[in-house]
4 protein chains.
Amino acid sequence: MNPHQPDAPTQLAEDTDWAGDELREECGVFGIFGHEDATTLVALGLQALQHRGQEAAGIVSSDGKQFYAERRMGLVSDSFTKPSVMKRLAGNSAIGHVRYSTTGETVLRNVQPLFADLAGGGFALAHNGNLTNALTRRKQLEKSGAIFQSTSDTETILHLIARSPKSCTVNRVIDALYEINGAYALVGIANDKLIGVRDPLGIRPLVLGKMNESYIFASETCALDIIGAKFVREVENGEVVVISAEGIKSYKPFPKKPERPCIFEYIYFARPDSIVGGKSIYECRKGFGRELANESNVEADMVIPIPDSGVPSAIGYAEQAGIPFELGITRNHYVGRTFIQPKQSIRSFGVRLKHNANRTLVAGKRIVLIDDSIVRGTTSVKIVQMMREAGAKEIHFRVSSPPITHSDFYGIDTPSKDQLLASTKSVAEMCEYLGADSLAFLSIEGIYQALGHKDGRNADCPQYTDHCFTGDYPTLLEDESGGELNSQLSFLSMAEPHEH
Amino acid sequence: MNPHQPDAPTQLAEDTDWAGDELREECGVFGIFGHEDATTLVALGLQALQHRGQEAAGIVSSDGKQFYAERRMGLVSDSFTKPSVMKRLAGNSAIGHVRYSTTGETVLRNVQPLFADLAGGGFALAHNGNLTNALTRRKQLEKSGAIFQSTSDTETILHLIARSPKSCTVNRVIDALYEINGAYALVGIANDKLIGVRDPLGIRPLVLGKMNESYIFASETCALDIIGAKFVREVENGEVVVISAEGIKSYKPFPKKPERPCIFEYIYFARPDSIVGGKSIYECRKGFGRELANESNVEADMVIPIPDSGVPSAIGYAEQAGIPFELGITRNHYVGRTFIQPKQSIRSFGVRLKHNANRTLVAGKRIVLIDDSIVRGTTSVKIVQMMREAGAKEIHFRVSSPPITHSDFYGIDTPSKDQLLASTKSVAEMCEYLGADSLAFLSIEGIYQALGHKDGRNADCPQYTDHCFTGDYPTLLEDESGGELNSQLSFLSMAEPHEH
Amino acid sequence: MNPHQPDAPTQLAEDTDWAGDELREECGVFGIFGHEDATTLVALGLQALQHRGQEAAGIVSSDGKQFYAERRMGLVSDSFTKPSVMKRLAGNSAIGHVRYSTTGETVLRNVQPLFADLAGGGFALAHNGNLTNALTRRKQLEKSGAIFQSTSDTETILHLIARSPKSCTVNRVIDALYEINGAYALVGIANDKLIGVRDPLGIRPLVLGKMNESYIFASETCALDIIGAKFVREVENGEVVVISAEGIKSYKPFPKKPERPCIFEYIYFARPDSIVGGKSIYECRKGFGRELANESNVEADMVIPIPDSGVPSAIGYAEQAGIPFELGITRNHYVGRTFIQPKQSIRSFGVRLKHNANRTLVAGKRIVLIDDSIVRGTTSVKIVQMMREAGAKEIHFRVSSPPITHSDFYGIDTPSKDQLLASTKSVAEMCEYLGADSLAFLSIEGIYQALGHKDGRNADCPQYTDHCFTGDYPTLLEDESGGELNSQLSFLSMAEPHEH
Amino acid sequence: MNPHQPDAPTQLAEDTDWAGDELREECGVFGIFGHEDATTLVALGLQALQHRGQEAAGIVSSDGKQFYAERRMGLVSDSFTKPSVMKRLAGNSAIGHVRYSTTGETVLRNVQPLFADLAGGGFALAHNGNLTNALTRRKQLEKSGAIFQSTSDTETILHLIARSPKSCTVNRVIDALYEINGAYALVGIANDKLIGVRDPLGIRPLVLGKMNESYIFASETCALDIIGAKFVREVENGEVVVISAEGIKSYKPFPKKPERPCIFEYIYFARPDSIVGGKSIYECRKGFGRELANESNVEADMVIPIPDSGVPSAIGYAEQAGIPFELGITRNHYVGRTFIQPKQSIRSFGVRLKHNANRTLVAGKRIVLIDDSIVRGTTSVKIVQMMREAGAKEIHFRVSSPPITHSDFYGIDTPSKDQLLASTKSVAEMCEYLGADSLAFLSIEGIYQALGHKDGRNADCPQYTDHCFTGDYPTLLEDESGGELNSQLSFLSMAEPHEH
């Protein structure tokens, strides 16, 4: 008997073709030490990081003696704006986490930050990223009697910290870091300190800010802006930064390596008003559009972004190509991810929930459509179809990043390789599949140049983590596939106690 | 610190300065007759009309014998995507309604559609607009023993329909129309017919569409697009359109008058991809921007829209002025309307939840800020301040509509006259208040010309309902102020039964 | 399409045989005027009246200017113990209502008290009873344009009050009383007065109490006890009692008739610790048991009540017959009304959720089972079976009231006549159906004698409303059947707005 | 008065004097192996065990490969009657748990069964009882890196099982048993077996039943009755019973000792229709009453139980003493545990929510009040007061168990020693405190004799765990006080993720 059958008569569609056709980041993190408004500021910071994850959010605070936690499904503003919730989060230090929206069943146990009562005192941890040896480590830990409550690799890190023989929390954390591989931006809180960590390659982002005398960690600078905090610097790759009453200390437990941040922060994840690696995200994306116009311009009447993510590149493209920029597609921000499928099928129905063609504008026109990336292509094909139905005479599809040919294992939710459109089709085949009149991607050299690297990609020591385009994974993939983690667990399908 | 203290210390702010500084439409309506997917299509149509109201939504369906209703707080996608909800809404005909988001206490009783068991059979009604004599009529009805359950003027219409001595539902509706004044787009459903009505001046919009053999009413054409329905025509001002198994019939119970639709549909309410009165909303708004550039251009480095509503006008302005269009402000779509105010005050804090300056872009630049309107000015002043703090050298504020000097009584939620910035200050005074380097509004003649009226506004018989700019109210304001309705009722503060 | 299909695979049983086999009272009412703790006292009083209705509860309070209402599904203690609910109920006067638990769909609109904004000010009304001409009056009202929001006949009374041409609220109420027939105990509240009314025959109970200087109305004296109030007197049949700042006034708008209260209050509804018509309910029920022993004793080893309602009669029977009283059936107070039916059928399963035989006690014994009444007999047959399976050697079923042969139309939820066991079967046939060794009911004369009427029932002018046993309905049944009310309405199946 | 003021003025009372004045059992457990209706039967069994815990309930099922869990606050019937919940619980084997109702904050993490993904496969565990060295073991486990998610000592057992080096689940469980002391009735489930365990002294109860071919574990026989299962035998003290596809196996890892079950199961916890240790609970309680009458009878007019728990003893007392048994106190089963305290204080108010004197009956009478035990005496004093106010002439308080002078540490929620009335006062002082005319307790020898031990208590080797009366704790109290467990943890105040 399958306990998860749908409600029989009504057909609930998630239009998986369409809904899964985007990249998703695992999370955003935020932490602050020693501020009377600590939990309020975390709640605000998390709202500025909400684009990094909308499924769930959590805050753990400490008053120096006790920890207080609230973890909730939904948006930050659904829960962390309520006095009844916020007043339970006592204390002057706090960390928070937002988590992305998975398809399928909601797993409350995985909501972060996670907490453990270590021998040396309590410790809570929030993690953005993905380990490439979490499953291997987990199996080892289980063999020696560790009990896991979630499927999150954050819990693996927490167990490693708990099992360190060191007495000092910072040394325990460093012990655990030696055991793990992959991408991680960690923010941890003990009763007397706040710890920020970035993986040895700095794949996932983490910045250090300051507000009056209080230090802050955040995934992006836009989370500093919202509370009026100052940007201090980025946490370096492989650095452990510890904030306590004594001030700030830096530990570098790993041999020095060049940084290699994830290129998708520039292309897709970071908010346009954030500054990552010293570069304005908005300017980078405009640069991708300009470079794309240089590489593959075409004669057309207007440049139309696929909103919202394609907008900055389209502005750059339009400027460079001298073609008018127009909002030829309207985005509806109020739609959810599921809907009831009408029995009478409607062509390109699902996509129109979120996007609608501005038909008066495009009828009879030659248009350049700009998107930031193509993942499975299922949305793109429907958008091309929708624009065609709206009367566009020519549709030239332009993508402001290279073809995605490989899956990610560092915290981006990508489909398996065989489902990536570019991994199985040439550009010409993709163009035919999309039904576009032409299709072009920004080249890998072009994207490096647009990011300011005049000599392009350094193949020996690439400046970015870019395996999705190149297959050049920056670390060993010990678990082979993080996606197997779930299937190899005999774990409970549902284990959440909740209010009836 | 004890985390379980009563509410007192935590300060919940709605930052009323900021939150109330926008125009809000009362509602959107949708109806369909004789389609097997009727309620699913209503749910989709309402999602496309969600920008017209986010507080609550409702659907009433009929299977020809019985009526079924679901009315819920929150977004359409929160409730009307659930099989458990949708399967209760049986039948081939249905109407739906979305309602705007009020500040203050939620009043569930007012969620539409409303229903009455008339002597001739059941009838449900959804209404977009506002009557100018609802209170007067209500007091008369109460005197003769009518019992009201809501504070909505829709219920007044329903009582008038119920009291008509006519036996035919259409005639009952027409009897009621003779008793009411103001703005209304109505969609009503009886077991055997669907009725769409627009007020004698056509102040509120209503269009007729068709999908296969089924007729549809919707507030905007974008709701037809989402389900792939065809636009047939607008319901005319003063027209009663009746759909039944016999087909479509039109009644015109009022003497013919020229149409006078609300000009704010063009400026603010309608979605850019909708077509209203034969005009593309997106093109109209670009036209306002172009006209604004003609009227009051200034030398600058970039044109920046206040997102999202200012974008089309900014594109038009930028094109006409030959100044680059840039996204200098990032909008966060994930924020709610309330937040916990930090104890340490942060300048221009509230506004940054929703808008953040792209500081790398604007630092040291002369910028033109484009907004669609200024209501109370409380947001505008904070945005100017935020841009100034981000380093903008010059800030030229341009508004793509005339100064709002008068309140609305036709379904737009405007503050009282004395709270409208333009009603008490000259343009120079407003500029000083905002802290901008210059300020200009589109002229009333300019907006008419941009809408295609070469000779501008016809003062004898204005082409639009434009009293917010001119004070020229199109109907008698019998209640004087719709706002008094509530205060004159001894009504219950909370009368909702709900699940505990 | 039927929108109310069950969830397909799992079989949810309400074991309708079993669940509907009891009498249910429509409601309990409570009101207090001029006490600073008014709403708290109403909440407590309603808890003492909870046995009269468990589906829903509501309170409406007045501060002399405004009304405040909370109406909730579930027990009084689920909602009216929460500060967040109670603090919204401002004011020094309040009325409350508990409602019985219907099978089938919960209809929130029917939860009382109901409220209307009358021409002369607000008015809220709570009603225990049932009108015998509610449908007739409702159809008349609808014809003249009244809009009904519920299926409750309380709303019919409210419309009649609203339509009275009188200006004084008391006169309006009296006007309405002239229009209605049937059973009613009403408690109404205006901003300056509290009104208690009992129908001309006094079918439903209502008592007057006093606490310090504040007068109270309540369905039973146990609701006075809980708050430490004093019993003053019963509201008389046909009396309108008005409490205001000027004190207490009594109106008697009807010609004087002898009282004829519902005999089921003595048999089943009232709590054993209440005093009704000057008689202790507990003593009356013990008297029924004693009389039953006189009429139809049998040799046996023990007397076993079917708990909880059979206990007092069983004590009386055991005393009179000189047979030991034993708890041979254990009642589980924690069960709900629905359960998942196991696929493998289990004999007498449903009944064991609530009742379990004490098998060690009864094995090999001759037992007298005492119940207060037999309605459909479906529970009784399962209890006999269960006792038999537990090893009882002889089972003598004794019922402490006469056979129920007629339906009620005055506020008791009885099945239709053809479903009443005693209406279609002789005592011998019933005995065979139940599988008992013998069966006897208390005679109609016996019950009157046990109630202190030495000459038994006065056939010309019966002392009680006893049509369920005699078919002697005390008023004209104008609607013929109150049960048709729902089926004749084209009303909405679900019309409740609620939080998503 | 403004109804929307903050919480302050309304006083929420739990009347701690009154509410905490009863004994509470920690839990009830149930498990079944290899039945197609497994989870339905667990849900029913838990409803029969609901008197053992009303705070929360949980079920974990296994289909032989995967585990499924649902854990909910509230009664079993609140959640485990819903098809949406039940259909998620797939599989033919399942265990369940009900948990008692704590005062104060609800801790969802502690709801059982708990689950762990052991190296050898998943394992879920439900526990009734309390360990006397849980804290000691927990601290040791934390030192070696174990991470705890709850404050439950069940989790300690689970960690010990997880850390056993044995490969076979049964051996792992036995390893863990060697590490723990105290009282436990455990039911555990692996994918291929069901395990039932009772502590070496058999302090907490556990019985083995059978339904068709499926074995069942349950805390009491009444849970077998509800599903029509047969009682097989009790699980012996110190026995590990394993059910699998191969049938039933018994392990006895401890040296044989005489059983010493908790005497409070007989006095208070078990349901009257259960059979414990071969004895009918109902008969035992009647026996206590009879013995009490022998020991300390008094001349009186009636014997009145304090319902519901005092009823069987009162029946026994009345029979033995030849005094009529009467229901002089009515119990209200619908009340919750909290209420709003009226501002004007009412004497003996709180107690009347649950109990009300039948004043007609008792006025002027000499009464014997029977209760099963006195804990803190705060309820008893109010009941005496209430009976006095109702007019009782003499009140003789009789308790059907000895004075409670010591706290429990084996799963019964008792106040600390200094709060136990009998630990600080003589019987005469207690009588004065209660305001009774006389007071007597059943003697310790009397209770043993009533339980069938003619020679009374065997002081060298007592037949029951009876330290609450004697101070003779059956095991070492290693943690000294289980109550300190919480206070010694730096654990989170609230760590539950939940739906917003």
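Let me start with Val399(B) and what it touches. Leaving aside residues up to four places away in sequence, Val399(B) touches Asp371(B), Ser373(B), Ile374(B), Phe441(B) and Leu442(B). This is a predicted model, so please take everything I say as a reading of a prediction. Val399(B) sits in strand β22 of chain B, which covers residues 394-399. Is Val399(B) buried or exposed? There are 28 other C-beta atoms within 10 Å, and 20 or more is the cut-off, so Val399(B) counts as buried. One further pair for this residue: Val399(B) and Leu369(B) are separated by 30 residues in sequence, yet their C-alpha atoms are 8.3 Å apart in space.

Now the chain as a whole, taking chain A. Chain A contains 19 helices and 24 strands. Of its 500 residues, 62% are buried. As for contacts in chain A, take those between residues at least 6 apart in sequence: 71% of them join residues at least 24 apart.

Next, two helix pairs. The crossing of α5(B) past α6(B) is left-handed. On the α5(B) side the residues are Ala134(B), Arg137(B), Arg138(B) and Leu141(B), and they meet Asp153(B), Thr156(B), His159(B) and Leu160(B) of α6(B). By class, that contact has three nonpolar, two polar and three charged residues.

The second pair is in chain D: helix α6, residues 153-163, and helix α7, residues 169-179. Their angle is about 125°, with the axes 8 Å apart. That again makes the pair, α6(D) and α7(D), oblique. The handedness here is right-handed. From α6(D) the contact takes Ile157(D), Leu160(D) and Ile161(D), and from α7(D) it takes Arg172(D), Val173(D), Ala176(D) and Glu179(D). Five of these residues are nonpolar, none is polar and two are charged.

Let me move to the contact between chains A and B. How many residues of chain B are in contact with chain A? The count is 65 residues of chain B, against 66 of chain A. On the chain B side, several elements supply at least two residues each, among them α10 (281-296), α11 (311-321), β19 (339-340) and α12 (349-354). Which element gives the most? That is α2(B), with six residues. Sorted by class, this side of chain B has 31 nonpolar, 22 polar and 12 charged residues.

Last, the symmetry of that pair. Chain B superposes on chain A by a rotation of 180°, with 0.0 Å of shift along the axis and an RMSD of 0.1 Å. The two copies are therefore related as by a two-fold rotation axis. Which residue of chain B comes closest to the rotation axis? It is His333(B), whose C-alpha lies at 3.7 Å. The same surface serves both copies, as 91% of the contact residues of chain B recur in chain A.

Key:
Residues numbered from 1 in each chain as written. Chains lettered and ligands numbered in written order. Predicted model: local features only at pLDDT ≥ 70, side-chain atom pairs only at ≥ 80, totals over all residues. Contact = placed C-beta atoms within 7 Å. Helix = DSSP H or I, 4+ residues; strand = E, 2+ residues; numbered from the N terminus. Nonpolar A, V, L, I, M, F, W, Y, C, P; charged D, E, K, R; others polar. Axes fitted to C-alpha atoms, helices over the stretch in contact; angles between N-to-C directions. Parallel < 35°, antiparallel > 145°, perpendicular 65-115°, else oblique. Left-handed = near helix turned anticlockwise from the far one by under 90°. Least-squares fit on C-alpha atoms with pLDDT ≥ 70 in both. Buried ≥ 20, exposed ≤ 12 C-beta atoms within 10 Å, placed from the backbone.
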